[in-house]
Amino acid sequence: MKRNIIMALATMTTMAVEAQGLVYPEAVKDNTVDEYFGTKVSDPYRWLEDDRSARTTAWVEAENRVTNDFLSRIPFRQKVLKRLTELANYEKIGAPRKRHGKWYFYKNDGLQNQSVLYQMDKLGGTPHVFLDPNALSPDGTVALKGVYFSNNGKWVAYAISRSGSDWQEFYVIDLQTGRLTDDHIEWAKFSGAAWYGDGFYYSAYDRPRQGKEYSNVNSGHKIYFHRMGTPQSADVLFYHNPTQPKQFYDVSVNEDETVMYLFESGAGAGNNLYVRDLRQPDSQFVQMTDNMDYQYMPVYDEGGKLYIYTNYGAPKGRVMTANLRSPGISEWQELVAEQSDMLNGVDVINRHFILNYSQNASDHAFVYGLDGRLKHEVQLPMVGSVGFTGDEKGQECFYTFTSFTMPGTIYRYDIEKNESTLYRQPSVKFRQQDYESRQLFFHSKDGTRVPMFVTYKKGLKRNGKNPVYLYGYGGFNIALGPGFSAMRIPFLEQGGIYAQVNLRGGSEYGEEWHLAGTKQQKQNVFDDFIAAAEYLISEGYTTPDRLAIVGGSNGGLLVGACMTQRPDLFRVAVPQVGVMDMLRYHKFTIGWNWASDYGTSEDSKEMFEYLKGYSPLHNLKPGTVYPATLVTTADHDDRVVPAHSFKFAATLQECQTVSQRQQRTSLPPTIIRIDTKAGHGGGKPLAKVLEEQADIYSFILYNMGLKWK
């Protein structure tokens, strides 16, 4: 691709046009142009990519003033926030897990910004605070990202992130004294702590250039070994592949410290796997696989026998075995064959496999022996999602179950007897029995049958007047299963319908379903979402004037693409932290890693044209009336950098300005909500989550012309 950037004197465009009382800020336009395979593409808001510049900061502050003023004038916004806060104020507890003779679990008393890690001497004993991330910052913006116990029982490392960034720091607690050590690691990313003796391996990047910590391309992932009691500057570089700077590298070590795995990913939809026999002095890694289009995940090892989950040769997944002495994939043996349903999880607890299969996007769990023979199915309460907790050789097993109407509930499970006993059930301030969920199936544009869950208050009438919150993702082999969120309840209480679509691009039906929504088949994802909206309208659930579409990250791209392709179909659009510039996404932080799903504008003329054909930023057109739009992003989002949302919002406001002048009437609002000290979403303090959700639901209902009942 030939790039030709023409920089001319910046011109100032004033968007002093009102939309529902809004006066949009001034936006600078310049003459930046890129050339792709002979096609010139203007990028007049390129300067907004510099999110630390003075003029970007001024623009952000001006946009937030407009947004905050608009949202504050929604008469029921405070009532929505109050109800959301009431619903969120319930005790949330995670399943307990045993480590070196002690039991640990997470708990949030209700409105704590971050969940607290507790310790018990025995199961059911008196809990004591072990690690409280709320004490690490006054505003709750320091989040706990992971906890890693050493195999010798001496130490526990924990990772934190600040202000929602993907950057991680590691600290270590002495388990004997309970005190924090002097050990401190910075600039780690996409990393755990893999303990080996009195030290651990971690993955990190070189310290980024000041001012570019949250936007520059992440390149050169390295694995280091940190020995306890030494400074980070003394850490030993363990692995680095300078020939592949844009790949991820990580290692894991089993509890016996006899086997080490090296994972290589970032150039495909899966990973490569290497193994090292730590029982042999001076052993080296042996490459097990050589195709990163597939997933290879070790799940257990015993006496040199390795058990591995893979979708190689099995698009819906299977379990295979390998021998540590001859670990190449050509020598692997099938243990549990591919089934008709997607295998989306494998746990080993009490020397049993628990295999979690997705049947039409809901979980079904089965117990297998290590010999690969089926023993029984775990009887789950209803259609929903489940996650198991336990140790490979320990007897205790727990699982957490949730559905659209059932908050996360913990059961104690006896694997041998196949018996489940209620352990902890939360109490949320709503009447669970008043709501119901159904699974619907509809046909997309090309005839593909697509599932969708709808949740609403019992007695709902299909009279075409119900407000709908339509949510989807559709990418990166990620499935959307049934799950509870207290944040949805106020919308349901107001007569709303929550609709969740299982779009192509996810993993619901295996790798074929995933690939059908990638690269030059990405339009299938948008067609599925649009078809879901049309189905809800045709079946009398709603009308376009009562239909809102919402999605985050890749789901933000989904919303952006659908609102530009079918602006007539939706009343409200909320693209959250979305990938909006499909021509330049790969030029920031880890955007290059998404090429396996998207392709890039540099790949070929055909790929460039396909991306430009649906890129939300490049398909906004002056003169078109778009839905009321609330764009959301955050200043520390270093996953999908805020420049995507900045440029999209500025362009959309410009287009709405032209449309308003042409039509001489007030048009739906276009505002952008830019959070501070927040990132892509993970680890966001509850207080910030509540504020954001109150703004989103208020914006949706207000722009549908509805009042708070």
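View 1. "Buried" describes a residue with under 20% relative accessible area, "exposed" one with over 50%, and "partly exposed" anything in between, using a 1.4 Å probe and protein chains only. Strand β28 runs antiparallel to β29 (residues 352-359), and seven bridges join them. Two strands are called a pair if DSSP finds at least two bridges between them. Strands (E, at least two residues) and helices (H or I, at least four) are DSSP runs, numbered from the N terminus. Two residues separate β28 from β29 in this hairpin, and Asn350 in the turn has a positive phi of about 55 degrees. A handy rule for looking at such views: in a regular strand the side chains alternate between the two faces of the sheet.

**How to read these views.** Residues are numbered from 1 along each chain as its sequence is written, and side-chain values use heavy atoms, with hydrogens and water left out. Because the model is predicted, local features need a pLDDT of at least 70 and side-chain atom pairs count only at 80 or more, while totals for chains, interfaces and linings use all residues.

**View 2. How confident is the prediction, and where does pLDDT stay under 50?** pLDDT is the predictor's confidence in each residue, on a scale from 0 to 100. The protein chain has an average pLDDT of 95, and 97% of the residues score at least 70. Residues 1-19 are where pLDDT stays under 50, and for this stretch the model has 64 contacts beyond four places in sequence. A contact means heavy atoms within 4.5 Å.

**View 3. A second hairpin, made by β36 and β37.** Nine bridges hold strand β36 (residues 435-443) and strand β37 (residues 449-457) in an antiparallel pair. Look for Tyr435, which stands opposite Lys457 in β37. Five residues lie between the two strands of this hairpin, and Gly447 in the turn has a positive phi of about 95 degrees.

**View 4. Inside the largest nonpolar core.** A nonpolar core is a set of buried Ala, Val, Leu, Ile, Met, Phe, Trp, Tyr and Cys residues joined through side-chain atoms within 4.5 Å. The largest one here has 72 residues, and Trp59, Met452, Leu470, Val501, Leu536 and Ile549 touch the most other members. Helix α5 (residues 523-538) gives the largest share of this core, with eight residues. Beyond its neighbours within four places in sequence, Val501 has contacts that include Phe442, Met452, Leu470, Leu480 and Phe529. A second, separate core holds 44 residues, among them Phe453, Phe484, Met487 and Ile489.

**View 5. Aromatic rings side by side.** The whole structure holds 52 aromatic pairs. Rings of Phe, Tyr and Trp (its six-membered ring) pair if their centres lie within 6.5 Å; planes under 30 degrees apart count as stacked, over 60 as edge-to-face and the rest as tilted. Why is the pair of Phe388 and Tyr413 edge-to-face? The ring planes of Phe388 and Tyr413 stand at 70 degrees, with the centres 6.5 Å apart, so the pair is edge-to-face. Phe388 belongs to strand β32 (residues 385-390) and Tyr413 to strand β34 (residues 409-414), and the two are 25 residues apart. Both Phe388 and Tyr413 are buried. Elsewhere, one aromatic cluster is formed by Tyr148, Phe170, Trp195, Phe200, Tyr202 and Tyr224.

**View 6. Charges over rings.** A charge sits over a ring if NZ of Lys or CZ of Arg is within 6 Å of the ring centre and within 35 degrees of the ring normal. Lys107 has its charged end over the ring of Tyr118, 5.0 Å from the centre. Arg488 does likewise over the ring of Tyr498, at 4.0 Å from the centre.

**View 7. Thr670 and Thr651, buried or exposed?** Thr670 is buried because its relative accessible area is 0%. Thr670 lies in strand β43 (residues 670-675), and its contacts outside four places in sequence include Leu22, Tyr24 and Gln653. Thr651, in helix α9 (residues 643-663), is buried too, with a relative accessible area of 13%. Leaving its sequence neighbours within four places aside, Thr651 is in contact with Tyr45, Leu617 and Leu620.
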